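Please find below a note on the structure shown here. The points are numbered so that each may be taken up separately.

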Amino acid sequence: MLTLEDVRVRYGAHEAVRPCSLDLAVGETVALVGPNGAGKSSLLKAIAGLLAFEGRVAFRGRPLAELDARARARTVAYLPQARTVHWPIAAREVVALGRLPHRAAGQRESEADAAAVEWAMRQTDVPALAARPVDRLSGGERARVLLARALAVQAPVLLADEPVASLDPYHQLTIMAALADYARRGALVVAVLHDLSLAARFCGRVILMQDGRVVGDGAPAEVLRAEALERHYGVEPYIGSHEGQRVIVPWRPLAK
Amino acid sequence: MSIALASTRAARLAVALLALAGTFAARPAGADIGRPTVASINLCADQLVLTVADPEQILTVSWLAADPEESLLAEQAARYPLNYGSAEELLRYAPDVVIAGAYTGAFTRALLRRLGYRVVELEPEVTVADIAANVRRVAEAVGRPARGAALVAALEERVRRLEATRPAVPVDTVIVRPGGFTVGRDNLAHTLLMLAGLRNVAAERGLDRWGSLSVEALLRSDPQLLVMTGYRDDQPSLANAVLRHPALLAAARERATVTVPAAYWSCGLPQSLDAVELLRRGLP
Amino acid sequence: MTTRGVGRCAALAVLAAAAAAASLAVGRSSGGAVLGLGGPDLAPAILAEIRLPRALLGLLVGGTLGLCGAALQGLLRNPLAEPGLLGASSGAAFGAVLVFYFGLAGPQSLALPAGGVAGALAALAALYALAGRRGDFLTVILAGIALNALAAALTSLALNFAPSPYAALEILFWMLGSLADRSLAHVWLVLPLMVPGWIMLAAAARGLDALTLGNETAASLGLDPRRTLWLVVGGTALAVGAAVAVTGVVGFVGLVVPHLLRPLFGFRPSGLLLPSFFAGALLTLVADVAIRLMPPGPELKLGVVTALLGAPFFLHLVMRPRAAALPGD
């Protein structure tokens with residue numbers, strides 16, 4: 001159980017995340033949705049301990065701030081929105097960087113490390129790319145390699161900022177399925193998503209944010225209703241259904 | 001010291017391993033003449049050694065000493081093996097004394113001391129008294145104090161004569177060195193100018209030691225005498241180009257000029273006083 | 001590192017050791033290069049007191065420059081980074097120049113390098129005072145560049161006021177770098193600074209790898225970028241400051257060595273550290289042996305020769321199509 005108590009993020013006078021308290025359970029796949037600038041990324045970074053915030057974040061009752069850096073890194077894995085890789089190293093080497101929190105300085109890759117790397121690469125369909133330098137991958141391929149890097153940490157909490165943003169439809173579906181599967185096997189996955197159909201289909205819980213505030217939290221059918229989308233996104237959605245699941249397509253912008 | 005011991009042992013081992021014949025035998029020490037052998041590794045030290053020491057004592061002088069552009073005693077220096085001032089070279093000469101400059105080859109001096117050599121360091125000479133002091137130091141170091149005393153006595157006598165014949169009214173003078181450099185106070189060239197009875201305009205303007213003067217500033221100071229001191233005139237350089245500046249050449253045509261080769265005052269030697277006579281010959 | 005990488009690194013180490021042996025075997029006299037040692041009565045002194053320190057310092061200084069170059073390029077994720085960037089080497093140069101200026105370089109053999117070490121540490125302290133609290137990369141780098149320029153300007157100022165033209169010339173020569181006539185005392189002077197510097201850089205290895213994925217990911221992997229930053233900056237200042245203090249400024253090694261090695265060892269920063277140490281030592285020692293093999297005359301300066309040797313390799317790499325410069329395996 002990941003518990004947020006009055007988490008608040010301020011950049012000078014600007015309040016990116018207003019005090020917010022949440023309980024997030026292991027096994028859940030949580031979609032974090034909302035318009036640009038709603039504070040989604042800031043909230044993820046606060047949980048990952050990447051920026052200064054007020055309030056408390058605890059996992060299984062223990063404040064993350066009390067953990068040492070490595071233990072914290074083994075607990076919370078984080079995939080940033082930026083797909084930066086500064087050196088043209090091979091895809092497999094990128095994924096293996098996810099094992100750094102599991103190795104002490106000077107220690108070589110263990111069998112467990114190798115197994116985790118292989119597993120993560122299979123999850124995101126990149127084993128064929130293993131030897132390719134990342135600068136010779138397409139944007140979507142690189143995104144999958146980087147998600148494999150985050151999965152390779154095998155942390156009980158995975159925070160992913162727009163994990164499917166640049167993927168083709170096939171991989172959007174397979175990657176979302178892989179994330180949901182990862183959660184089902186005993187992890188908490190929080191993913192920032194803009195595709196509301198994917199959120200509705202793969203996530204058991206949707207948290208909607210606007211202006212730094214949590215304005216909706218619950219099952220997709222409760223949160224992703226037409227009025228809420230009109231109010232918070234400023235769009236008129238098309239909401240349909242296919243095989244008993246919601247299909248949500250933003251249809252036209254509303255006059256502000 | 002254990003470290004030194006260990007390194008000596010390592011050295012012996014390596015000697016055995018390398019087993020390469022020496023290509024250069026050290027010269028025998030000058031025990032037969034009863035005075036210490038000497039090596040010098042600095043242009044100014046070289047010339048003092050050549051002036052003060054017995055030719056038999058001198059094992060080597062530095063390569064610059066044999067260059068007539070640099071040295072007043074080039075011909076004399078060319079009779080000796082020339083060195084480039086490295087410790088390994090000097091070890092092969094095994095001199096009793098090494099004469100060096102206080103500013104050149106700091107690492108070599110330190111290393112030679114560490115190896116047990118006697119190293120005498122000479123400060124640059126600014127005044128006649130400095131020249132006399134360095135002559136005495138070198139004479140002492142090479143075991144010829146009487147020769148040193150005689151040289152100093154002659155030097156002082158010459159200074160007295162020059163002072164007695166000094167022109168009553170000082171002549172405004174600027175030294176023009178390549179690159180527009182001139183000479184201020186606290187400098188041997190200034191000392192020699194004073195002895196010649198000239199007024200160093202740059203020094204009066206507060207320049208100490210050495211500095212540069214633009215062609216314009218030089219002309220504005222309106223000296224009566226220009227002292228040109230060339231250095232490797234035949235080699236093109238920006239510094240030498242200044243000496244050929246049209247405005248400077250025009251000014252030189254209107255004024256008295258005299259040329260003093262740089263070697264006269266780059267090092268302070270008894271022979272440097274010859275420059276005073278050169279200067280006086282150029283007086284307007 | 002892969003098995004092949006380990007083999008290649010070992011090969012570099014062997015080559016560096018061979019270059020050090022060559023450095024012991026080659027001397028220089030008035031007539032040019034001297035192979036072997038000369039008369040048996042001279043041999044121990046020449047070997048132990050002249051050539052051994054020269055070979056050891058070539059190894060230590062060259063290795064330091066290669067290692068620091070690789071670490072800084074990894075830290076800044078910029079292949080133009082080099083050890084002179086952060087002000088440590090120009091601080092060391094300025095410290096040594098001050099010693100010259102005040103005429104302290106005379107009898108005390110260690111005054112000059114000690115001045116250099118003090119200058120490097122002062123530059124590091126200034127860098128920390130200026131940028132330490134913020135600790136973000138850009139501030140540290142910009143402050144380092146500013147300090148570098150300041151120290152260089154102060155050095156020029158000191159040159160202007162040098163006590164004699166000979167002192168100025170000596171300073172200029174010294175700044176071109178040289179290993180000539182250093183003694184074992186210099187080895188003992190630099191080691192206590194270099195070794196902690198190397199250890200700090202080695203401790204930064206994992207952090208440098210993590211930085212490949214950006215500062216945030218590195219932090220999320222438990223490797224605080226600020227810690228990596230200060231390990232590399234501090235380690236470089238200590239090790240390069242000590243190196244510059246004793247040998248003057250030996251250019252190009254830190255810049256070129258990591259580039260030469262990437263086609264062989266890949267781009268992962270931690271995998272380049274140790275090979276860069278050996279390759280830096282190799283390049284420096286080869287250059288220093290080449291100096292002694294030149295025709296008779298005054299010795300060329302080491303910094304000049306490392307640049308002459310390194311530049312063609314570097315240009316060759318830069319001119320090749322980029323794809324070909326990527327690791328083949």
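Predicted model: local features only at pLDDT ≥ 70, side-chain atom pairs only at ≥ 80, totals over all residues.

1. Extent of the interface between chains C and A. On the side of chain C, 28 residues are in contact with 31 residues of chain A. The area buried between chain C and chain A is about 2400 Å², and carbon and sulfur atoms give 65% of that area. Of the area that chain C buries against chain A, 28% is supplied by C:R206, C:L213 and C:L221, which is more than any other three residues supply.

2. Two salt bridges are counted between chain C and chain A. A:K45 forms a salt bridge with C:E216, and the closest N and O atoms of this pair are 2.8 Å apart. The count of residue pairs in polar contact between chain C and chain A, with both residues at pLDDT 80 or more, is six.

3. Elements and composition on the chain C side. Three helices of chain C, namely α2 (43-76), α8 (205-211) and α9 (215-220), each supply at least two residues of the side that touches chain A. By residue class, the side of chain C that touches chain A divides into 13 nonpolar, eight polar and seven charged residues.

4. An aromatic pair between chains. Over all chains, the count comes to six aromatic pairs. A:W87 and C:F267 form a tilted pair, with 6.3 Å centre to centre and 40 degrees between the planes. A:W87 lies in the loop between β6 (76-79) and α3 (91-96) of chain A, and C:F267 in the loop between α11 (253-265) and α12 (269-293) of chain C, so this pair joins two chains. Both A:W87 and C:F267 are buried.

5. Aromatic residues within chain C. C:F277 and C:F278 form an edge-to-face aromatic pair, at 5.8 Å centre to centre and with 90 degrees between the planes. C:F277 counts as buried because its relative accessibility is 14%, the cut-off being under 20%. One aromatic cluster is formed by C:W198, C:F277 and C:F278.

6. The glycine C:G266. This residue lies in the loop between α11 and α12 of chain C, where C:F267 is also placed. C:G266 has a relative accessibility of 10% and therefore counts as buried. In sequence, C:G266 and C:G5 are 261 residues apart, whereas in space they are 8.9 Å apart, C-alpha to C-alpha.

7. Helix α2 of chain B. Is this helix, residues 43-52, mostly covered or mostly uncovered? The helix is mostly covered, with ten of its ten residues buried. Among the buried residues of α2(B) are B:D46 and B:Q47, as well as B:L43, B:L48 and B:L50. At the start of α2(B), a side-chain oxygen of B:N42 reaches to within 2.9 Å of the backbone nitrogen of B:C44.

8. Chain B as a whole. Chain B has 14 helices and eleven strands. Of its 284 residues, 52% are buried. Among contacts in chain B with a separation of 6 or more, 62% are between residues 24 or more positions apart.

9. The arginine A:R205. Where is A:R205 placed in chain A? A:R205 belongs to strand β9 (residues 205-210) of that chain. Its relative accessible area is 12%, so A:R205 is buried. A polar atom of the A:R205 side chain lies 2.7 Å from the backbone oxygen of A:D23. Not counting residues up to four places away in sequence, A:R205 touches several residues, including A:D23, A:E28, A:D217 and A:P220.

10. Positive phi values in chain A. Most residues other than glycine have a negative phi. A:D125 is not a glycine, yet has a positive phi of about 60 degrees. A:D125 lies in the loop between α4 (111-123) and α5 (139-152) of chain A, and counts as partly exposed because its relative accessibility is 41%. A:E243, likewise not a glycine, has a positive phi of about 50 degrees. A:E243 is found in the loop between β11 (235-242) and β12 (245-253) of chain A. At 72% relative accessibility, A:E243 therefore counts as exposed.

Note on methods
Residues numbered from 1 in each chain as written. Chains lettered and ligands numbered in written order. Heavy atoms only, no water. Contact = heavy atoms within 4.5 Å. Buried area = accessible area lost by both parts, 1.4 Å probe. Salt bridge = Lys/Arg side-chain N within 4 Å of Asp/Glu carboxyl O. Polar contact = N/O pair within 3.5 Å; in protein donor to acceptor, adjacent residues only side chain to side chain. Helix = DSSP H or I, 4+ residues; strand = E, 2+ residues; numbered from the N terminus. Nonpolar A, V, L, I, M, F, W, Y, C, P; charged D, E, K, R; others polar. Phe/Tyr/Trp six-rings, centres within 6.5 Å; stacked < 30°, edge-to-face > 60°. Buried < 20%, exposed > 50% of the residue type's maximum accessible area, 1.4 Å probe, protein only.
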